[in-house]
Amino acid sequence: MKALSASEAVAAIEAGTLTSEKLVRDCLERIAERDPVVKAWVHLNKDLALAQAKAADAAKGGVLRGIPVGVKDIIDTYDMPTGHNSPIFKGTQPFGDAACVALCRTANAVILGKTVTTEFANRHPGPTTNPHNKAHTPGGSSSGSAAAVADGHVPLAFGTQTGGSVIRPAAYCGVIGYKASFGEFSRVGIKMQCHTIDTLGLMARTLPDIALFRAAVLALPPVKIDRGIPAPRIGFLRTPIWDEAEDDTKALLEETATKLAAKGASVFDIAFGPAFNDILDDHGAITGWESFRNYADERVRNPDKVSAELTASLKKSAGITFDRYVAAQRKGAAFKVHVDALFEKVDMLLCPSAPGEAPKGQEFTGDPRFNSIWTLAGTPCVTLPAGTGDMGLPLGISLVGCRYEDDRLLSTAAWVAAQLH
């Protein structure tokens with residue numbers, strides 16, 4: 001049976017043809033069937049989930065009406081451990097909810113469980129597999145959230161992004177990933193890797209679900225996606241690392257640009273100014289400087305419990321000077337202004353979501369750099385499933401909007417999605 005979207009489930013609950021308890025039981029059955037292969041969940045308490053569902057049914061109302069939500073395991077939950085995929089925090093029970101979780105509970109959601117993350121949302125992987133082919137990575141660091149949504153375990157899930165940790169796994173798993181404008185969502189209760197860049201993101205199977213989920217996290221009424229917008233102006237921005245995209249990704253982006261132009265969009269090539277061709281180096285300087293300091297306790301008190309990958313990364317980051325960090329922050333500030341100015345000419349940018357399909361194996365979660373550009377820019381981004389590659393795995397396209405115009409981006413993305421299907 002096709003898994004219900006969150007919006008469909010809310011409508012059914014409001015109509016009295018579905019209950020939260022029934023929906024949660026269906027999700028738990030799907031997890032019991034599939035998670036031995038997908039391995040998306042690190043903590044799941046069936047009794048707690050069902051108790052929440054019964055309470056949601058009794059309470060009625062709320063934006064999320066008893067819809068189950070998966071929570072990435074670097075995000076605090078008062079009634080479930082937050083382990084960060086690290087032996088340092090194994091079994092640790094936070095004293096409270098992260099703001100985003102508390103707001104979902106206020107919206108009458110069911111916090112179903114905790115999804116697998118890479119260690120501290122960095123590079124060392126967890127056990128999660130790609131639901132389309134278990135021999136491949138689901139991406140990272142929001143591995144479990146992307147896989148759980150893609151495989152029908154849960155309609156909605158949280159991710160976070162420092163480089164490409166929402167957009168890339170969503171693209172690899174064939175779902176919709178949304179990274180908000182920097183600062184739009186509260187990050188209270190989320191472990192920080194890089195405090196000037198880390199951004200909360202959402203995953204779902206439909207754009208209306210993203211809009212619904214976003215409303216809950218902002219404690220606002222849902223803003224309906226405008227299906228009547230005119231054909232947009234689209235800037236095809238290949239980015240400075242276009243040559244590193246795989247052939248099937250390049251072909252997909254070119255075909256998408258041609259198709260959207262044929263449907264009435266104004267599509268034209270656009271590029272960064274030459275001063276920003278090396279902007280990824282500045283992203284690396286900022287994230288390296290900040291992560292070395294934000295992980296001070298872990299690397300100083302528990303060095304034997306930090307993975308080899310993270311230890312090597314932090315050792316390299318120790319060499320970044322404060323002057324380099326400041327220069328990168330200044331360049332990043334100028335880059336944000338530069339990107340903002342691009343939207344005087346276009347309504348959205350069309351870019352790659354990842355170099356290609358999900359790589360084989362679980363050790364390497366994929367190259368995040370196509371996403372890191374936009375994480376640094378602070379822009380809202382949406383990845384849409386748009387095709388398959390040579391191995392039959394999903395490929396996504398990224399649509400980038402102007403900062404703090406997230407509503408507009410979601411409506412414009414819906415126009416794009418309608419033309420592609």
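Modeller: Helices (H or I, at least four residues) and strands (E, at least two) are runs assigned by DSSP and numbered from the N terminus. This is a predicted model, in which local features need pLDDT of at least 70 and side-chain atom pairs count only at pLDDT 80 or more, while totals for chains, interfaces and linings use all residues. Residues are numbered from 1 along each chain as its sequence is written, and side-chain values use heavy atoms, leaving out hydrogens and water.

Colleague: Where is Lys39 found, and what is its phi?

Modeller: Most residues other than glycine have a negative phi, and most peptide bonds are trans. Lys39 is not a glycine, yet its phi is positive, about 55 degrees. Look for Lys39 in the loop between helix 2 (20-38) and strand 1 (41-44). The peptide bond from Gly140 to Ser141 is cis, with omega near 5 degrees. Ser141 sits in the loop that runs between strand 3 (110-115) and helix 5 (143-150).

Colleague: How do helix 9 and helix 12 pack?

Modeller: Two packed helices are described by the angle between their axes and the distance between the axes. Axes are lines fitted to C-alpha atoms over the stretch in contact, with angles from 0 to 180 degrees between N-to-C directions. Helix 9 and helix 12 (residues 322-342) pack at about 130 degrees, their axes 9 Å apart. That makes helix 9 oblique to helix 12 (under 35 degrees is roughly parallel, over 145 roughly antiparallel, 65 to 115 roughly perpendicular, the rest oblique). Their crossing is left-handed, the near helix being turned anticlockwise from the far one by less than a right angle (clockwise would be right-handed). The contact (heavy atoms within 4.5 Å) includes Ile279, Ala285 and Trp289 of helix 9 and Phe322, Tyr325 and Phe335 of helix 12. By class, this contact has eight nonpolar, one polar and five charged residues (Ala, Val, Leu, Ile, Met, Phe, Trp, Tyr, Cys and Pro are nonpolar; Asp, Glu, Lys and Arg charged; the others, Gly among them, polar).

Colleague: At what angle do helix 7 and helix 14 cross?

Modeller: The axes of helix 7 (residues 207-218) and helix 14 (residues 406-420) cross at roughly 165 degrees and come within 10 Å. Helix 7 and helix 14 are therefore roughly antiparallel. This crossing is left-handed too. Leu207, Ile210, Ala211 and Arg214 of helix 7 meet residues of helix 14 that include Leu410 and Ala414.

Colleague: Which residues lie nearest the centre of the largest pocket?

Modeller: On a 1 Å grid over the protein atoms alone, a cavity is a set of points where a 1.4 Å probe fits but cannot get out; a pocket is an open set with protein on both sides within 12 Å along at least five of seven lines, and lining residues have an atom within 4 Å of a point. The largest pocket has 31 lining residues, with Arg123, His283, Gly284, Thr287 and Ser313 nearest its centre. Helix 9 contributes the most to this lining, eight residues. The lining holds seven nonpolar, 18 polar and six charged residues.

Colleague: How many cavities of 30 Å³ or more are there?

Modeller: There are four cavities of 30 Å³ or more, a volume being the space filled by probe spheres set on grid points joined across faces, edges and corners. The largest cavity has about 60 Å³.
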